[in-house]
Amino acid sequence: MKSDLLPFWRSFLRDPRHIGAIAPAGRPLSDAMAREVLAVAHPGIVIELGAGTGSITQALFEVRHRMTELIAVEKTPELAVRLRQKFPGMRIHVHCASEVERLSLPRHCDLTLVSSLPFRSLPTRDKQRLSSAIAKISEMASHFRLIQYSYFGRLPFPSPTKNLVWRRSHTIVRNLPPATVWVLEQT
Ligand SMILES: C[S@@+](CC[C@H](N)C(=O)[O-])C[C@H]1O[C@@H](n2cnc3c(N)ncnc32)[C@H](O)[C@@H]1O
C-alpha cells in the first residue's frame, strides 16, 4: 500500500541494516507466504517476526481462522504502532525477535514462525542471538516450521540446528525485487 511506503522508508533511513529491504513485501509475495503457512493441516500458533508495515501480516490476518493464534513481533516502535492500528485485537509485541520465548507459549504446541527478518544485513551479534532463539523455540514445539523469504534465491541464513533443514519453495517474480520463499523444517 502506498501509505506504507513513507513509514517504511523513514525507518529504512534511520536504520538501514535492520530494515534490510527497499520496499515492503508486495501482495503476491504476501499471499505466497500465507499459502505456505497453510500448506500443513495444523499451522498452530503463527508468529510473524519483523512484521514491518504489515503487508504479510495482512495476508495472514485474512486466514487467521485457520490458526490457533496469530501474533506479531516488530522491534521498530513506529512500525509497531501502525500494526496495532491496522490489526486491532491482534497481539503485537514490540521487542527483538530474539526474545520470542517471552511470549510464554504452551510446550509441545504446533508452531509456525513467519520471518521477514533481514538476516543478511543484520549485525553478526543480532544474527547469533536470533539463530539461537529460533533453535531454542523449535525444540519446545512438537511441530515447527519457519517460513522466510530471501532475494536472489539465496539461502536466508544457515540452519541454526542440525534438526532443521531448508526447503526452497516458490519464487515470486512479481515482487520488488523478486523473492524466494523458503521453509526451515524438522527433518
Ligand atoms: C524487510 S523489513 C519488513 C518487511 C515486512 N514484510 C513488510 O513488508 O513491511 C524487516 C523488518 O524486521 C524488523 N526487524 C529487524 N530486526 C528485528 C529484530 N531483531 N526483531 C524484530 N524485528 C526486527 C525491522 O524493523 C523491519 O520492520
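This short talk covers aromatic rings, one lysine and some backbone features of the structure above.

Good morning. This is a predicted model, in which local features need pLDDT of at least 70 and side-chain atom pairs count only at pLDDT 80 or more, while totals for chains, interfaces and linings use all residues. Residues are numbered from 1 along each chain as its sequence is written, and side-chain values use heavy atoms, with hydrogens and water left out.

I begin with the aromatic rings. The structure contains 5 aromatic pairs. Rings of Phe, Tyr and Trp (for Trp, its six-membered ring) pair if their centres lie within 6.5 Å; planes under 30 degrees apart count as stacked, over 60 as edge-to-face, and the rest as tilted. Why is the pair of Trp166 and Trp182 edge-to-face? The planes of these two rings stand at 85°, with the centres 6.2 Å apart, so the pair falls in that class. Trp166 belongs to strand S6 (residues 164–172) and Trp182 to strand S7 (residues 179–186), so the pair ties together parts that are 16 residues apart in sequence. Helices (H or I, at least four residues) and strands (E, at least two) are DSSP runs, numbered from the N terminus.

Are these two tryptophans buried or exposed? Both Trp166 and Trp182 are buried. Buried means under 20% relative accessible area, exposed over 50%, and partly exposed in between (1.4 Å probe, protein chains only). Together with Phe119 and Phe157, Trp166 and Trp182 form one aromatic cluster.

Leaving aside neighbours within four places in sequence, Lys127 is in contact (heavy atoms within 4.5 Å) with Phe119, Arg120 and Leu122. Lys127 has 28% relative accessibility and therefore counts as partly exposed. From C-alpha to C-alpha, Lys127 and Ser98 are 9.0 Å apart in space, and they are 29 residues apart in sequence.

I turn now to the backbone. Most residues other than glycine have a negative phi, and most peptide bonds are trans. Which residues depart from this pattern here? In the loop between strand S3 (91–93) and strand S4 (110–115) we find Ser104, whose phi is positive, near 40°. Ser104 has a relative accessible area of 63%, so it is exposed. The loop between S3 and S4 also holds His108, with a positive phi of about 60°. His108, at 59% relative accessibility, likewise counts as exposed.

Finally, the peptide bond from Leu176 to Pro177 is cis, with omega near -10°. Pro177 is placed in the loop between S6 and S7. Thank you.
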